[in-house]
Each structure stands twice: as structure tokens, then as C-alpha cells.
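Subject: Structure handover, with notes on the aromatic rings

Hello,

Here is the structure I promised to pass on to you. Please have a look at it first, and then read my notes below.

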Amino acid sequence: MSSEADSSLVRHQGGCHCGAVRFEVLAPSVLEVMDCNCSVCTKKQSRHVIVPEARFKLLKGEDSLTVYTFGFGVAKHTFCKICGVQSFYSPRSNPDGRAVAINCIDSDTIEGINIHMFDGQNWEEAMMKEDISHMSKM
């Protein structure tokens, strides 16, 4: 995790349902959340905040994770192989970052959320209209 923590960032912790996977992430207390309508996000009801890889740290459970990929194979959908919960993953839009499921963050550090709709069903067009690749940059 980055040692150059921006003073506007807070340390959020979270994990999967069974507790085998735990993580921490540096992000604002008011989260900018992506609500994607692609096929997999719709099925999982995934709403997530994208952060740079350097601001994400897996605290425990690497041996409890498994990965699902489909389509182009760029997105790495990691989930707990014990309880099945996806706490975070590496998104196609930001393969250099992590998308952290807001419902898996312990809520005591979240002061608010701003939800942004992302048209993942029309991914290429959506990326041209609203390039979200900057969200995984420091």
C-alpha cells in the first residue's frame, strides 16, 4: 500500500462473508461508486469503487481466492472459494487497479457515496464517452 497517503484518504477495511478474505484500501470517506450494467455486474449486483493497485492491500486470504474470467479475459473476477463473495476484482476498464465492492467495506469509515452509472453493456462506447481509466491512477 502506498506510503504517500493523501490526507484526504481514509483507510477502509473489509472482506468477504465468512471472513477468510480481508483487505484494506485507501480511498476518500465519500466514495465515487460505479454501478455497471454489464452482464456479470448485473448478475452480482456489483457496485464498486475503483482504486489504484498501490492503495489496495490484501490482509489475508490469498489462498482462499479463486478467479473467474470470461470474454477478453482482461478482468480478473476474484472471489472467496469458501463463501463465494467477490470483495474485489481487477476490472477490464482499469486492469492496473482494483474494483472494491462497497458492500464488502466495513461501513464505519464510509461517510457517503456518489453513484455513477456505467453502461457496461456497451463497454467500448461507454469508455469513449466516459473514460474511467484515470480512477486507477495515483
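Let me start with a charge and a ring: Lys44 places its charged end over the ring of Tyr89, at 4.9 Å from the ring centre. Please keep in mind that this is a predicted model.

Next, the ring-to-ring contacts. A pair of aromatic rings is described by how far apart the centres are and by the angle of the planes. With rings counted as paired if their centres lie within 6.5 Å, the model has four aromatic pairs. One of them joins Phe23 and Phe88, an edge-to-face pair with 6.1 Å from centre to centre and 75° between the planes.

Phe23 has 0% relative accessibility, so Phe23 counts as buried. Phe88 is buried too, because its relative accessible area is 3%.

Another pair is made by Tyr68 and Phe70, and this one is stacked: the centres are 5.8 Å apart, with 20° between the planes. Here both residues fall between the 20% and 50% limits. Tyr68, with a relative accessible area of 41%, is therefore partly exposed, and Phe70 counts as partly exposed because its relative accessibility is 36%.

Finally, a group to look for in the viewer: Phe23, Phe56 and Phe88 make up one aromatic cluster.

Terms used:
Residues are numbered from 1 along each chain as its sequence is written. This is a predicted model: local features need pLDDT of at least 70, side-chain atom pairs count only at pLDDT 80 or more; totals for chains, interfaces and linings use all residues. Side-chain values use heavy atoms; hydrogens and water are left out. Rings of Phe, Tyr and Trp (its six-membered ring) pair if their centres lie within 6.5 Å; planes under 30 degrees apart count as stacked, over 60 as edge-to-face and the rest as tilted. Buried means under 20% relative accessible area, exposed over 50%, partly exposed in between (1.4 Å probe, protein chains only). A charge sits over a ring if NZ of Lys or CZ of Arg is within 6 Å of the ring centre and within 35 degrees of the ring normal.
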